[in-house]
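Please open the structure in your viewer and keep the selection panel at hand.

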Amino acid sequence: MSSSIAAARIVILGTGGTIAGRASQTGDNVSYTAGQVAVADLVAAVPALNASRLEVEQVSQVDSKDMGLSVWQSLVTRLVYHLGQLDVASVIVTHGTDTLEETAYLLQRLLQPAKPVVLTCAMRPASALVPDGPQNLSDAVAVAQQAQGGVLVVCAGQVHAAQDVAKVHTYRLDAFDSGDAGALACVEEGHVRCFRPWPGGGTAPGDSARLAQFLAIDALPRVELITSHADADGTVVRALLKWGAPRPVRGIVVAGTGNGTVHHDLIAALSDAQAQGVRVVVSSRCAWGRVVPHPGLAFEHSSGLSPVKARLALALDLLGA
Ligand code: SIN
């Protein structure tokens, strides 16, 4: 590590999650309340971090299942501020695991940061007998010191890119996976071992117009996510089309079966939606793989994005439309 990097500040923004969770019984890893412990206390619980030049700030205290526009706007505002400070080398965000992949994708799309933005989390609350948050936080600091840019996710010794990462397990400590792309790197005793190039590379400018719009809105364009399944009949889509002001549906992402196939009754309803000006994007409900484009696809495909990320991508596209 160069001395200039060692001297630069790392800012840690707390947003809540299980990493800041507390249960009434030590050893209870499921009946706890997320977002209880201040980010300053999470950092203080890792004595090894005393040597690093860290600054902490509490942005929110939410269970990330409840994540939404106002917290995202606060987080983006603080990230823009801190990343713009010359002596800030990188920013870490503590976050719940449940919607972490959505926040990571959103931040990468809006900021494309030249400095590393490292999201980390935990699957066990801070009050657990053996919490995983302290190690994840320590690994996140190592990644923040050694990565080259982009939005990254650190959990259970692995480093993932925002584009690829997904929560794939309900309980295991290594709950995240990057599918076919694989992890970017791993952290071994504070050393980051890279498997492939860092995303972002420190050069891409953010889309400043889109960012300004995002920070000014009261609500994202309404994009709903539905699933194709046996017996799907399109009733949900027809109900959505009746839903008018103040936030009519402007986009629908369908998590299709297999390679983006959709039940023919649902195709009929979605085609009606399209005829009424609603953008329809098809992704896949498969945990792994992407919708491989081919002429027979009923609707535009999600360019490899999972359903939840495709929903955000479409909402951001519609923001600019
Ligand atoms: C949350 O997402 O805030 C709760 C679950 C977790 O962090 O594991």
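The crossing of α7 and α8 is left-handed. Please bear in mind throughout that this is a predicted model.

To view this crossing, select residues 235-242 for helix α7 and residues 264-275 for helix α8. Two packed helices are described by the angle between their axes and the distance between the axes. Here the axes come within 8 Å and cross at roughly 20°. Angles under 35 degrees count as roughly parallel, and α7 and α8 are therefore roughly parallel to each other.

Next, display the side chains where the two helices meet. On the α7 side, select Val237, Arg238 and Leu241. Their partners in α8 are Leu266, Ala268, Ala269, Leu270, Asp272 and Ala273. By residue class, the contact of α7 with α8 comprises seven nonpolar residues, two charged and no polar ones.

Now turn to the backbone. Most residues other than glycine have a negative phi. Which value does phi take at Gln112? Gln112, although not a glycine, has a positive phi of about 35°. Select the loop between α4 (100-111) and β6 (116-120) to find Gln112. With a relative accessible area of 23%, Gln112 is partly exposed.

Select Ala156 for another positive phi in a residue other than glycine, this one near 50°. Ala156 sits in the loop that lies between β7 (150-155) and β8 (158-161). Its relative accessibility is 37%, and Ala156 therefore counts as partly exposed.

How many disulfides does the model contain? The count comes to zero, where a disulfide would require a pair of cysteine sulfur atoms within 2.5 Å.

Select Cys121 together with Cys155 to see why one such bond is absent. The closest cysteine sulfur to that of Cys121 belongs to Cys155, and the separation of 3.8 Å is too far for a bond. Is Cys121 buried or exposed? Cys121 counts as buried, because its relative accessibility is 0%.

Then select Cys186 and Cys194. The sulfur of Cys186 has its closest cysteine sulfur in Cys194, at 8.8 Å, and this is likewise too far for a bond. Cys186 has a relative accessible area of 10% and is therefore buried.

Methods: Residues numbered from 1 in each chain as written. Predicted model: local features only at pLDDT ≥ 70, side-chain atom pairs only at ≥ 80, totals over all residues. Heavy atoms only, no water. Axes fitted to C-alpha atoms, helices over the stretch in contact; angles between N-to-C directions. Helix = DSSP H or I, 4+ residues; strand = E, 2+ residues; numbered from the N terminus. Parallel < 35°, antiparallel > 145°, perpendicular 65-115°, else oblique. Left-handed = near helix turned anticlockwise from the far one by under 90°. Contact = heavy atoms within 4.5 Å. Nonpolar A, V, L, I, M, F, W, Y, C, P; charged D, E, K, R; others polar. Buried < 20%, exposed > 50% of the residue type's maximum accessible area, 1.4 Å probe, protein only.
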